Structures are given as structure tokens and as C-alpha cells.
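Please keep the sequence and the 3D view open as you work through them.

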Amino acid sequence: MKVKPSKFIEDSIPFVEKILKGLERNYDYVSVLGTDVFGKQHVVTSRGTNYNDSQWTERGFVVRAHDGTGYAEFSFNEIDDPEVIVRRINSNIVNNDVLKESNLERNAFKKIEEQEMEESFSGEVKILPENVATEEKLNRLNAMKQKAHEASDKLVNFFAVYEEVTVNKLFFSNKKRLKQSYIWSQGYLNAVVRKENKTRVSYEGFSGLKGPELLDEMESRLKDIVDEAVKLLDSEKIKPGVYDVICSPEVSGLVAHEAFGHGVELDMFVKDSAKAKEYMGKMVASEHVTMHDGASAAKEVSSYFFDDEGVLGKDTVIIKNGKLVSGIGDLLSSMRLDVDPTGNGKRESFEKKAYSRMTNTFFEPREDKLEDMISSIDKGYLLEKYTSGMEDPKNWGIQCVILFGQEIKDGKLTGKIVSPIFMTGFVPDLLKSISMVSGNFRLSGTGACGKGHKEFVKVSAGGPYIKAKARLG
Amino acid sequence: MIEKIIELLSKSKNIDGWKIVDDVIEDKELFFIKKKLDMNRAKKVRNFYLTVYKDFDEEGKSYRGSAEVKIHPTMKEEEIKNVIEESAYSAKFVKNPWYPMVKPVAEKVDNHSEKQVFDELYSLAESLYDSDVYKEGWINSSEFFLNHLKRRTVNSEGVDCSYEKNRLFIEYITTWKNKEKEGAELYWQILISRFSKDFIKKRSNDSLLQTAYRANATSTPSVGDIPMIISGENIISLMAMFLAKASSRMVYEKISTFDIGDNVQGEDIKGDRLSITIDPSIEGSYYSVPYDKDGLPLKKVEVIEDGIIKKFWGNVRYSHYLENEPTGSMTNISVKTGNTKLDELRNGKHLEVREFSDFQTDHTTGDFGGEIRMGWYFNGEDRIPVTGGSISGNLNDIKNEMLLSNETVSMKNYSGPFAVKLNNIRISGS
């Protein structure tokens, strides 16, 4: 079913046009991003229920203006007389007397040159969120909790979370008139189990450009998650060392995201904060590795028609058969580096600055079979699921916290489980060690990605199973 | 507009209570690449966070459902009315045991209201760069967010409290090049509400010198089972894990198994005994506030004393479930210092980690760890800067053998020992 456009966005158009007109008198480039993002989060735990607006809910505007030297922005969410807004923008960000008196040196930017474009986009989902009552959504989550408790007496808490979000955005500038509406949803099932004083957790995330149909997927995985958590109660600590590993699609997605996603964000190139800048056109991974990022490269939570700077989403090949061929950029960083923008300029909300950010990031699948990958390992681990990741683009360091690993000995899974695992290392060493890549392919878009420790945005990541060599601790 | 929302709420026949948190945030932001201003931003936003309560009985038990929604200032009357009615309808299916709302207090609360100080931003930014004087190292980029929060909390029980607060968040990246001209970077944050240019200058100078150590660090060797010291900012996350054991929400949800009177450090304690206080008024803390979001006035509360839980902490809902007086939700923590000087903690072979790539803690399982971004390995003779590899551990394995430093530090939401020495940590060399 087609996603209906936001009435607020439609009604705001005359206001936005007036602001543009008011500012165009003084500035050679002006744009307005308007947002109306709404949704609900439904949370059922073993001991309670919560129903609230999604944390991604936002409604407001951000104006960007070029004053002949650089760009400045103003975010607001109250609709006053457009002339008042124009005056506020003038005094707050561009003709700011205190800024002028401070004698701060400014970086100069060229004016953004755009092609005339007037387009709108509406996404589709199987079921619209408003067509399923809150009562039914909460009842289904409650039933999942109930079944989870029936599956094991070791379960001390079970969290079932379902969140649905409708995104509506408008981007108007001197030459562009763009609108988009789409829906994404995500869900989590978390099982907390306990034996004596040992507590373990397993989880699974669900996501996509979907509506309440996501609940069907969640119900189908219920028992496996509880069983997995119970198995983790008998997990052991890993002996630190370097091992042959197979990364599940979720873990390979984390590797793609942390290892080379953050490392090729072009605002990091502008700041000379990314080692990847020195490696453009060079081999950075084994020839088995081809890696993509892009809003149009896949259908997941970060698939959009245009980004928060009015650039259309693309499918960017970052690594082609091991060679680093492209970065991913926001508009201003791309201008600074004299490359085409890739549609990766994203804001946490209208209240925040746009940065170069990932969208859907993944390794391309190949032909290897998972069974063959396992049988090729004498001693190693099959790494499954993760809890977090972090990168160091300047020094190409990576940290992936893996939920658990299944031991492989003499080409077979032994049934022994280790948890948790810290996978660390030097990115090119890890990527160059990739020797097998499976045909299976999965993307996941739960959670959020930060820039440093803030500016959270929705992304997805994934890929096939990959075999590599990694330091585990 | 808040009067309009209250009027619509009072007309609704389908709700049994409500709470509104009205936030007005104005801020000025500066973004630098090296010493040049790359972009400046400003914002003025207002948001109303509305909670609607619906009471009902089932099989002789009383329940209180709720729905939390955001009211945008651009919503017209009809839209607000629809949001209220939809929330009231949905709250009927949120089946939580009944709990009270916060009631007004007679005592006067000092709300520390502050006027906006935006004009200071430019000179505060310059103070970060006052330490940027080294040939091999510099501040590579920085971001400044000076904001003024005006918060008012109103509820249907008659609570009407407010405060205004200035806060400054600085994020910056420092770079240092070693003799081989290889650059290293470290990431830093300053979160403060008392704006001292000297403090900012000292912090940025310390950051630059730490980056020099990082640039000249060698790979962390395989060191086997030796004690480790966590110093600096990451001690906050570790102490927060102990505090979580006494969170009323964690106890109610059965994530924490502790009760009042239990010792969070177990038996046979060989190291320092932990004393942790939640404190809403740590001087200069970004997170110091007079009320929580329910409108409950906040006070300093000793939660853990000598390892023993004296009181659970939490908001009015979970405190009621555990039949405790609510402390309110707050972020600041204060930890009593230990008796050992930092120099003594550094005796004997050990690994000290100052910066992790991302120090991860799991309050449910007790697991913690991270990749070492910058630390020192003391082999008994030399203190060698190291980087790479990782550490991991579990709270159960370290809780009874911790030594806290006598030296203190105040940063972010924390005031307490600068360092803690731990045993039973798995260290993986790089």
C-alpha cells in the first residue's frame, strides 16, 4: 500500500516558499529541509508495557544559506511570520555581529550549483501502521512474551519491542522541489536468562521498509532466541589469540560498516582524519571483496529518494574486487574534494548538522558455501551477532563486540560456545585476509549509528558469510 | 500553547491524569576544521512531551496505563485533540500496576535559573585553541554546542516547576605526528555547565599530550595475567555498572538480583569498599538539575555505602513498585575515593588504559571491555606507551578486589577517584 504524504508538509509549502523568497534577496544559495517524522514504539517486557512516540519523531525546518563566503544554518520548529524567521536567520547565523567581531577565520565554500528538479516519492508497505490497532500490536507482543516464558524456566525477562516510523521530508532550494514519504519499522526480541549467578542475554533484530507485517517475522524466531540465550549460560571465555573466523551476515555487515564505512566518509577526508584518503585506487582488501553503500543500493531502513541536502540516493561501489574506488559524501565535503556527492548527507533530525553518513552498507555475495567454509577451518570460530562496534578512521583500527562464537575444530562445529568476544585489529589486515565469501545475503537495520558518540542516524548493514583471520579476545 | 494543551486535557473525559514537560532550547553551534570556522549554526526549538494516564481495574487489581507523545508547536487544536484522544485510547492497553504521580511539595526548591550567555561562545572556543601551540600536534577539528534549556514540568496533581540552565558541549579531535610522520588521533568530549576558559585550556592541553603518547605508542604486547588500571573517563562507566545493581527499574525487571542490605561486591572483599552517591547538584556538571522529568525535587542520596545497598534509586513508578521512597531519576554520580595513591597503584607489573576505542559495559550480564586506544604497560622497570589489543572482564570477577585511587577527578556526570586497579581481566595483545 502506498504511503500517504504528510498533510503538515503539504500545508507548509507556501510558508517555505515565502522563507526562500525572503532569503534569496540576500543570499546566493538558500535551501529549506522540512520534516514530519512520526511513529510509535510498543514495548512489552515480562513485568511491564510501554507505549510512546518513536524516538525518531520530529517536525521542523532547517534553513541553509550561503553568504558569499560560507554556509550557515538555522533550525526551528515554530511557524511565525516568514519575515520574522528571515530576520532571525539574518541575525543569528549570517549577519551575526558577535561572530564578526570575534575575527574568527572562516573556510570559504563555493556556491552549491543545482539542476532544476521537481520530484516526489511515496514508498509502499504491505500493511499501513494505522490499519492495525494498538491493542492488536500490544497483544501480539504480549503473546510472544508468554510463549518465550513457556519455552524456558531459566528466562527471567523477555523484551519484545516493535517500532514503526513514517518519514515525510521536503527539500526546497533555489532550483529543487523534492518531497518523499516512506515507512520503515524495526523490532527486537531480547531474552534474559539466569542460572545461579550467571546472567546471559540473546537477541534478534528485525527491520525493513515494512509496516506491522514485521510482527510475523518476529513471531517466527521466538523459540530460537530463547534456546540461544539458554545455550549462552554454558558459554566459556575465549582464549585471546588470532583465529580463522567465519563472520555471519550480521557480523560481516558490522565489519563493512566499521572497517570501511566510517573510514570513507568524505568529511573525514576533508579533515585529513581518514587513512583511506591515501589509499584511493589501491588494494585495501582481498580480491574477493566488493563493498557497496547507498540509499538506492538495497531496500532497508536507510533507503530514501533524496538525502537531507536534497541529493538523490545512489548505489556507490566503495571497494571493487579489493581496490578502494570511492568514498561516500555529503554535499559540502564532496564540493570541497571536487567529487560528485553520493547522497550520503544525513542529519539526526532537522535540529542537527548534516554529515557524511552511511546508508545501507554491505559486502557483495559470491559463490562459496557455508559448509565448505566451515570444513576449511582446522581451529576457529563462527562469529554470530554483535552488540557494538567502533572504528578509528585515522589509524584504521576496528573494535567489534561479538555476542558469541561457535567453536570450529577439524572442519566441524563442536557445539562449544564462547561469549562475549572482542574482535580487534588493523582494517586492511582483516579485509586482506578474507578468503571465502558465501552466496547467502542478509541486511539488518536495527539500532542506530553515531558519528563519534553522537549524531545518531538509521543505517543498515550486512552481506554474506565471510571467512577471514581475526584477533579475538 | 501549554495553556491550550492543558485546556484540551481537562476537557477530555477519557483520561485520569497527565504530565507535560515543556522544553525550549536555544543554541549556538560552531564547527571548526583546525583553527578555521567551517560552519556556524543556531537553533530555537520548543517541544511538549505529554504523558496521558488511564486507570482501570481488572480482577480486583488496579492498573495505570500511559502513553507518551510529543506535541509539536505547529500542531493545530484539532490535531492536538486527536493526539490526546488516541493516546487515551491506547493507554487502556498498557497494563501496568498502578503507581502515583508526583505531587506538589511545600518546601522551596532552588531552581538555579540562569540567563542565556551565548556571546561567550566565541571566546570559549578560542580558549580550546590556546593550547594548540605544538609543532607535532594540534586540534584537528572541534564542535561547540552552547545551549540554554528552559524546562517546565506541569501535571494534573498540581506540580508546576521550572528551571533554566546553560550547558556547553565540546567535541574535539587531537592529532599528533611521531618521528616517522605517522599521525595518530584521539577523540574527546567536554560537557560542562560552569564555563571556565582555564579549565577548557587545561583539558585541551592534556588531550594533546595524551595524543603524543598515543602517536609514539608501540603495540600492546601479550602480557598474560597482570593487574590493570582504568584511569580517566572510563571509570565512570565501570562505576555506573555497580549503581545499576541498585536501580529500582533493574530490580523490578529482575535484571538485578540485589536487595537492600546486600553487598554488591560480594563476600571476602580484599580491596576498597565502594560508596556511591547520586547527586543532582555536582558543581559544574552538565547534568545537574533541580527536578527530574516527573517534577520530583532531587536531593543527594547515598545509594551504596561500603559496598552495601542502602537505598534503591529511581523514578516514582518503579520506586512505588518496590515500596521505596522515590529518589527521582538523575545522572550524576559521586564515588568515595580510595586510600591508595596513584603512584602506589602503579607499583608492580600492570597495564594502564586511559583511552579505549569504545569502552562497552553490559549492565545485564556484567561483561565489559574494549579495544585499547592508548595506555601504558609497566614491565617492572619501564612505563611504555601502548596501543591496540583489547581487555575484557566481568563484574563478578573484579568486584571484590578493586583498589580506588586517592586522587580525584570531576568530569561529565562524575566526581570521584581518578583510577581503579583491577584483577582477573583478560588482556589480548595486538
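How many bridges join strand E10 of chain B to E11(B), and do they run parallel or antiparallel? Strand E10 (residues 301–305) of chain B and E11(B) are joined by 2 bridges and run antiparallel. Before going on, note that this is a predicted model, in which local features need pLDDT of at least 70, side-chain atom pairs count only at pLDDT 80 or more, and totals for chains, interfaces and linings use all residues. Residues are numbered from 1 along each chain as its sequence is written, while chains are lettered from A and ligands numbered from 1 in the order in which they are written.

**Exercise 1. Describe the surroundings of strand E8 of chain B.**

Step 1: Look at its partners. Strand E8 runs parallel to strand E13 (residues 350–356) of chain B, with 3 bridges, and antiparallel to strand E21 (residues 419–422) of chain B, with 4 bridges.

Step 2: Follow one residue. B:Ile229 stands opposite B:Glu352 in E13(B), and its bridge partner in E21(B) is B:Lys421.

Step 3: Check the faces of strand E8 (residues 228–231). B:Met228 and B:Ile230 on one side, and B:Ile229 and B:Ser231 on the other, are all buried (20 or more other C-beta atoms, placed from the backbone, within 10 Å of the residue's own).

**Exercise 2. Work out how chains A and B meet.**

Step 1: Count the residues: 59 from chain B and 64 from chain A take part in the contact (C-beta atoms, placed from the backbone, within 7 Å).

Step 2: Find the main contributor on chain B. Strand E2 (residues 36–58) of chain B gives the most to the side that touches chain A, with 11 residues.

Step 3: Look for pairing across the chains. Strand E4 (residues 71–76) of chain A pairs with E2(B) in the parallel sense over 6 bridges; A:Glu73 has B:Arg41 as its bridge partner.

Definitions and conventions: Contact = placed C-beta atoms within 7 Å. Pairing = 2+ DSSP bridges. Buried ≥ 20, exposed ≤ 12 C-beta atoms within 10 Å, placed from the backbone.
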